[in-house]
Amino acid sequence: MFFSKKTKGYFVELNEHAVMLARTSAPTAPFVVEEAIECPPGDAAALEAAINQIQPKKSPSGYLHATVGIYPTKRLLRRHALELKRVKEPGYFAEVCSQQFRIEQDKYAIAILNANDGSDFDLNKGVQKDVLFCGLLSEEAASAQTTLLENGIYPERLELVSVATLGGVVDCLAHAKSKTPTLVLEIGADATHSFIVTSGGVEASRPIPQGLDAMVPVVQKELGLKDEESARKLFYSNTFDFTGMGPLLIKKLLRELQSSIGFYEVQTGQSVGQVLTTQLSPKLAWLDVAISSSLGVTNLKLDAAPWLQSRQITLAEPIAKCAQDIRWFGLLSLMANYNVVHAVAVEEKK
């Protein structure tokens with residue numbers, strides 16, 4: 001099957017707070033991002049309306065054929081230093097998974113990437129010891145595909161948005177010629193994934209077994225609410241300013257983050273200077289400020305437009321603001337093709 005020049009590209013991200021969709025002028029860059037919309041998660045009617053808006057003329061199959069990014073609950077994202085002498089030993093990677101990550105390798109779909117540039121780890125070359133284990137439970141992958149099909153979306157590719165986001169942040173820092181180590185946080189309901197990245201790749205990773213829900217009992221206690229459900233509704237609403245209570249709510253999380261940062265700084269001699277929190281709903285924007293101020297670092301504000309341009313991705317005028325809203329960064333990162341030459345570099349050669 002050959003794509004005509006009129007074929008559009010479609011990208012979908014499913015996260016805890018929203019379903020985000022975008023249409024591009026072509027399936028692969030260079031292209032223009034023509035439209036971007038979002039709808040609440042778990043609302044089939046709203047999703048159907050969003051799909052109809054993003055793709056007015058249905059495909060012959062009746063499905064929206066898209067590159068889809070997801071955040072599986074038990075996703076694997078761990079940087080690890082391999083013992084290069086052992087990589088060809090049968091069972092070595094299974095041993096790493098069970099002993100280091102506490103998972104059963106045979107239950108996961110796993111890819112191993114080089115931590116510096118995101119390329120596939122080559123077992124035969126085996127010269128790069130610092131790698132990133134990326135994966136998800138095979139049953140979560142199957143479940144996600146079933147849910148997508150039930151909702152009219154055919155996933156041509158199913159990706160971890162976390163991996164795309166890390167690649168995007170690394171490439172964005174490189175494009176901006178920034179050498180500042182950056183703490184990247186994905187704070188979910190049950191857990192937090194923390195990473196330290198630079199323009200040279202992913203430097204450190206740490207899963208922290210507490211997320212937003214762990215802050216709810218603190219809200220209940222501090223505000224004297226009668227039950228946890230009342231505290232949960234208040235915490236996730238936009239009716240109370242938690243800014244003042246922020247340091248107290250993130251106390252446990254902060255301790256873990258300080259430990260990770262301290263270890264990295266002692267190991268490398270470099271200081272983490274900024275933080276980027278990628279997954280928060282707009283109602284929890286105060287949390288971003290609480291974390292950066294408590295850690296004493298800058299809150300990184302990414303304007304993705306110049307970076308996207310370098311990857312031959314242009315945003316149509318009506319949706320240009322998406323480049324400045326971190327909530328869209330994951331979806332935009334799914335679009336980037338790192339095999340294309342930087343447009344900036346081409347200009348420099350002239």
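Q: How many cavities of 30 Å³ or more does the structure hold?
A: The structure, which is a predicted model, holds two cavities of 30 Å³ or more.

Q: How much space lies in the largest cavity?
A: The largest cavity has about 110 Å³ of space.

Q: And which residues lie nearest its centre?
A: Nearest the centre of the largest cavity are E13, N15, T278, Q279 and R327, out of 16 lining residues.

Q: How does that lining divide by class?
A: The lining of the largest cavity has seven nonpolar residues, seven polar residues and two charged residues.

Q: Turning to the second largest cavity, which residues line it?
A: The second largest cavity, with about 40 Å³ of space, is lined by A22, V33, A36, L315, I319, C322, W328, L331, L332 and M335. Two or more of these residues come from each of β3 (31-39) and α11 (329-335).

Q: Which element gives the most there?
A: Helix α11 gives the most to the lining of the second largest cavity, with three residues.

Q: What is the class make-up of that lining?
A: The lining of the second largest cavity consists of ten nonpolar residues, with no polar and no charged ones.

Q: A change of topic: in what order do the five strands of the open sheet run?
A: The order is β11-β10-β9-β12-β13, and the pairing is mixed. At the edges are β11 (201-208) and β13 (298-299), each of which pairs on one side only.

Q: Which helix packs on this sheet?
A: Helix α4 (residues 161-175) packs on the sheet and touches β9, β10, β11 and β12 (274-277). The direction of α4 makes about 25° with that of β10.

Q: Are β9 and β10 parallel or antiparallel?
A: Strands β9 (residues 182-187) and β10 (residues 192-198) pair in the antiparallel sense, over six bridges.

Q: What is the bridge partner of L185 in β10?
A: The partner of L185 in β10 is S194.

Methods. Residues are numbered from 1 along each chain as its sequence is written. This is a predicted model: local features need pLDDT of at least 70, side-chain atom pairs count only at pLDDT 80 or more; totals for chains, interfaces and linings use all residues. Side-chain values use heavy atoms; hydrogens and water are left out. On a 1 Å grid over the protein atoms alone, a cavity is a set of points where a 1.4 Å probe fits but cannot get out, and a pocket is an open set with protein on both sides within 12 Å along at least five of seven lines; lining residues have an atom within 4 Å of a point. Grid points are joined across faces, edges and corners, and a volume is the space filled by probe spheres set on the points. Ala, Val, Leu, Ile, Met, Phe, Trp, Tyr, Cys and Pro count as nonpolar, Asp, Glu, Lys and Arg as charged, and the others, Gly among them, as polar. Helices (H or I, at least four residues) and strands (E, at least two) are DSSP runs, numbered from the N terminus. Two strands pair if DSSP finds at least two bridges between them. Contact means heavy atoms within 4.5 Å. Axes are lines fitted to C-alpha atoms, for helices over the stretch in contact, and angles run from 0 to 180 degrees between N-to-C directions.
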